[in-house]
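Please give a guided tour of this model, for someone who has it open in a viewer and has not seen it before. Say what to select at each stop and what is found there.

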Amino acid sequence: MVGFVSDGILRMQKTLPDGRQHVVGLLVPGDVFGRVFDGAMQFSIEAATDAKIFLFPRPAFEALLSASPELDRLMLLHFLNEIDRTRDWMVILSNPKVRGRLAGFLLMLCTRFRNIDGMLGSMNGMLTISIPISRADLAHLLGARAESISRAFHALADDGIIDIIRPDLIVLRNIEDLADEAGEPEMGEAILTDEFPIGSIGSTRRQ
């Protein structure tokens, strides 16, 4: 089957030799899963939130691709975007500190995942993020323990970079410092452009 995500968040999981499940990526509205013109996909797909998907038998979908150059081009562009996203994840996961990986994940939600309904908002002129997955899934995704993720959230809050309104709702108080934590200053600059005209959205650094 080939699937399209219409609504919600799916997680891609890989079973490790010891039987543990490791979350290796997230699928959001507009994403495609399943392999075409090749063998079976090496990951399992599960819903991380309530979700709506459309499934197509792979042979029929491959026939559509062969008959429609425009659809074939759209799929190629999708796969190229997926490669770009994978490179971003590799940079995030290479950060030796859990708080740095968490900072990178929050920035990713503000950039590549910003078009998801309800993901971004504002509060008192600052950007807010709704975390779309559980702390347990986030820990698997970032290669850390749930306790370490919780400590990283509170460490960023103690440093005045974020505010924790609820476990799933975060206020970004200082995007530039968040980007420094992630080692991705260009991502911070992208968020602070006119694409995100929500007040000053936390553009002042700590003194």
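Is Arg166 buried, partly exposed or exposed? Arg166 is partly exposed, at a relative accessible area of 43%. Here buried means under 20% relative accessible area, exposed means over 50%, and partly exposed lies in between, with a 1.4 Å probe and protein chains only.

Before going on, note that this is a predicted model, in which local features need pLDDT of at least 70 and side-chain atom pairs count only at pLDDT 80 or more, while totals for chains, interfaces and linings use all residues. Residues are numbered from 1 along each chain as its sequence is written, and side-chain values use heavy atoms, with hydrogens and water left out.

**The whole chain**

Show the chain as a cartoon. Seven helices and 10 strands are present; these are DSSP runs numbered from the N terminus, with helices (H or I) of at least four residues and strands (E) of at least two. The C-alpha trace spans about 60 × 45 × 30 Å along its principal axes. The radius of gyration of the chain is 18 Å, which agrees with the value near 17 Å that a compact globule of 207 residues would have. That radius is taken over C-alpha atoms, and the globule rule is 2.2 Å times the number of residues to the power 0.38.

Now switch to a surface. The chain exposes about 11100 Å², of which carbon and sulfur atoms supply 53%; the areas come from the Shrake-Rupley method with a 1.4 Å probe, and for residues only the protein chains shown count as cover. Of the 207 residues, 39% count as buried. Among contacts between residues at least 6 apart in sequence, 63% join residues at least 24 apart, a contact being heavy atoms within 4.5 Å.

**Salt bridges**

The term means a side-chain nitrogen of Lys or Arg within 4 Å of a carboxyl oxygen of Asp or Glu. Asp168 is partly exposed, at 33% relative accessibility. Side chains of opposite charge can pair when their charged atoms come close. How many salt bridges does a search of the whole structure find? The search finds nine.

Next, select Arg99 and Asp159. Their side chains meet in a salt bridge at 2.7 Å, N to O. Arg99 lies in helix α3 (residues 98-111) and Asp159 in the loop between α5 (146-158) and β9 (162-166), so the pair ties together parts that are 60 residues apart in sequence. Arg99 is buried, at a relative accessible area of 19%, whereas Asp159 is partly exposed at 31%.

Move to Glu147 and Arg145, whose side chains meet in another salt bridge, at 3.6 Å from N to O. Glu147 counts as partly exposed at 43% relative accessibility, and Arg145 as exposed at 57%.

Then select Arg11, Glu46 and Asp137 together. A network of salt bridges links these three residues.

Select Arg58, in helix α1 (residues 58-67). Arg58 is partly exposed, with a relative accessible area of 27%.

In helix α2 (residues 69-93), select His78. His78 is buried, at a relative accessible area of 12%. Beyond its neighbours within four places in sequence, His78 is in contact with Gly30, Asp31 and Val32.

**Strand β3**

Select His22, found in strand β3 (residues 21-27). His22 is partly exposed, at a relative accessible area of 28%. Not counting residues up to four places away in sequence, His22 touches several residues, including Met12, Leu16, His140 and Gly143. His22 and Gly143 are 121 residues apart in sequence, and their C-alpha atoms are 8.4 Å apart.

**Two loops**

Select Asn115, in the loop between α3 and β7. Asn115 counts as exposed, at 68% relative accessibility. Pro29 is 86 residues from Asn115 in sequence and 8.7 Å away in space, C-alpha to C-alpha.

End at Asn124, in the loop between β7 (120-123) and β8 (126-130). Asn124 is exposed, at 74% relative accessibility. Its phi is near 55°, a positive value in a residue other than glycine. Most residues other than glycine have a negative phi.
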